[in-house]
Amino acid sequence: MKAVARAHPLWLAYILHRISGIGLALFLPFHFWVLSLALNNAAQLDAFLTLSDLFLVKLAETGLVFLLAVHMFGGLRLMALEWLPWSPSQKTWAAAATSGAFFISIIFLMQAI
Amino acid sequence: MSEREIISVTVQRGGPEAPQYPQVFEVPAFESQTVLDVVSWIQQNADPTLTYRFACRVGMCGSCAMMVNGVPRWTCRTHVNKVLKGGKIEIGPLRNLPVIKDLAADMDPFFDKWVAAEGRHHPTLSRDDAIAEIDPEQPARVEASLGIECINCSICYSACDTVAGDSDYLGPAALQRAWTLYNDGKDADKDAILDAVSGKGGCHSCHSMGSCTAYCPNGLDPLSAIAGLKRATTQRFFRGRAK
């Protein structure tokens, strides 16, 4: 028999939040290990940081920023959903305002750099 | 006479006494045909041993819900042409409930949890008192009114992945009922309701996946009702009990 249908926005938001959380949890120990090199082995850290010029590493960093952004907005969404007794239209306006503000600030940032 | 279109219907058969297996039926298409019409046609014309449940046929009684192409639906008000995929439909018993036989699911766990969530009236007055007036515009009453059209069809319970993963979880319908009573001015024991929904398997087990709200055939919003219970139980935790 067919698998249970789940592809509705609320469930997709839920699973994106979970998967981004797992991805970040897997990344963090590695991140802290690299940071620890700054204290223990500066030469190894410098050698490691040259890797960040590689396209593949840049792509991975983009993915990381995506995970962080998705997880942060997922968390804000969840807190608003559970702790604020908003009506559906208020939720839509809040989501639109947040994404609009995020869009404008990213444009500003991209022009600045 | 033009040749009638044929729908290929895969029905899940069997139950605890026989292994479950899919069986394919060829059903003639009719105008304005519902999924329940299809199931009834099979039972009346192809296999009289097919077991399923229905009563009102107009979306009031909540007894005909089944899985249709992986989505829990009220079959009496689901038109075939809305769910037909390449001339085929798959129909199974509701998920997250034990199967009695074929398409009939055992609703006992669903209703047991309705009781466990304290989904019963706690009177403020006796029959000798005058009937208290309730303002329909009052905010708590407006909130309560949002949930009273539940027909106990168990579609939300069947759609919920938290129910699938946690057999103790009370489920969206029972929790929405608790939220409705919590906001009811004529209910005298709010603490009993919050006690019932704040323990193991209560409102805090909800992961806000929202399948209950997405699939409720009556357009109700159990997700927001459960969020209301989360706020109410947390407020009570910090502010203390009313009495």
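Two strands are taken to pair if DSSP finds at least two bridges between them, and helices (H or I, at least four residues) and strands (E, at least two) are DSSP runs that are numbered from the N terminus. With these terms in place, T10(B) has E90(B) in β5(B) as its bridge partner. The structure is a predicted model, in which local features need pLDDT of at least 70 and side-chain atom pairs count only at pLDDT 80 or more, while totals for chains, interfaces and linings use all residues. Residues are numbered from 1 along each chain as its sequence is written, and chains are lettered from A and ligands numbered from 1 in the order in which they are written.

The sheet of chain B is described next. Five strands of chain B form an open sheet in the order β2-β1-β5-β3-β4, and the pairing within this sheet is mixed. Strands β2 and β4 (71–74) of chain B stand at the edges, each with a single partner strand, so that one side of each is left without a neighbour in the sheet. From one strand to the next, the twist averages 30°, where angles run from 0 to 180 degrees between N-to-C directions and axes are lines fitted to C-alpha atoms, for helices over the stretch in contact.

Strand β1 (residues 6–15) of chain B pairs with strand β2 (residues 18–28) of chain B in the antiparallel sense over nine bridges, and a hairpin through two residues joins β1(B) to β2(B). Within this pairing, I7(B) has V27(B) in β2(B) as its bridge partner. By contrast, β1(B) and β5(B) run parallel and are joined by four bridges, and the bridge partner of V11(B) in β5(B) is I91(B). Strand β5(B) also pairs with β3(B), in the antiparallel sense and over two bridges, and here I91(B) is the bridge partner of V68(B). Across β1, β2, β3 (65–68), β4 and β5 of chain B lies helix α1 (residues 35–46) of chain B, which runs at about 100° to β2(B).

The domain assignment of chain B gives domain 1 (6–105) and domain 2 (108–239), with bounds that come from an automatic or database domain assignment. The centres of these two domains of chain B, taken over C-alpha atoms, are separated by 29 Å. In the contact between them, 14 residues of domain 1 of chain B meet 15 residues of domain 2 of chain B, where two residues are in contact if their C-beta atoms, placed from the backbone, lie within 7 Å. On the side of domain 1 of chain B that touches domain 2 of chain B, β4(B) gives the most, with four residues. The residues of that side divide into eight nonpolar, three polar and three charged, where Ala, Val, Leu, Ile, Met, Phe, Trp, Tyr, Cys and Pro count as nonpolar, Asp, Glu, Lys and Arg as charged, and the others, Gly among them, as polar.

The axes of helix α7 (residues 172–182) of chain B and helix α8 (residues 190–198) of chain B come within 10 Å and cross at roughly 160°. Helices α7(B) and α8(B) are therefore roughly antiparallel to each other, given that angles under 35 degrees count as roughly parallel, over 145 as roughly antiparallel, 65 to 115 as roughly perpendicular and the rest as oblique. In this packing, L175(B), A178(B), L181(B) and Y182(B) of α7(B) meet K190(B), I193(B), A196(B) and V197(B) of α8(B), and by class the contact has seven nonpolar, no polar and one charged residues. In chain A, the axes of helix α1 (residues 9–40) and helix α2 (residues 42–49) come within 6 Å and cross at roughly 135°, which makes α1(A) oblique to α2(A). There, V34(A), L37(A) and A38(A) of α1(A) meet A42(A), Q44(A), L45(A) and F48(A) of α2(A).

The contact of the two chains takes 19 residues from chain B and 15 residues from chain A. On the side of chain B that touches chain A, β5 (88–92), α9 (211–215) and α10 (222–239) of chain B each supply at least two residues, and α10(B) gives the most, with four residues. By class, that side of chain B has five nonpolar, 10 polar and four charged residues.
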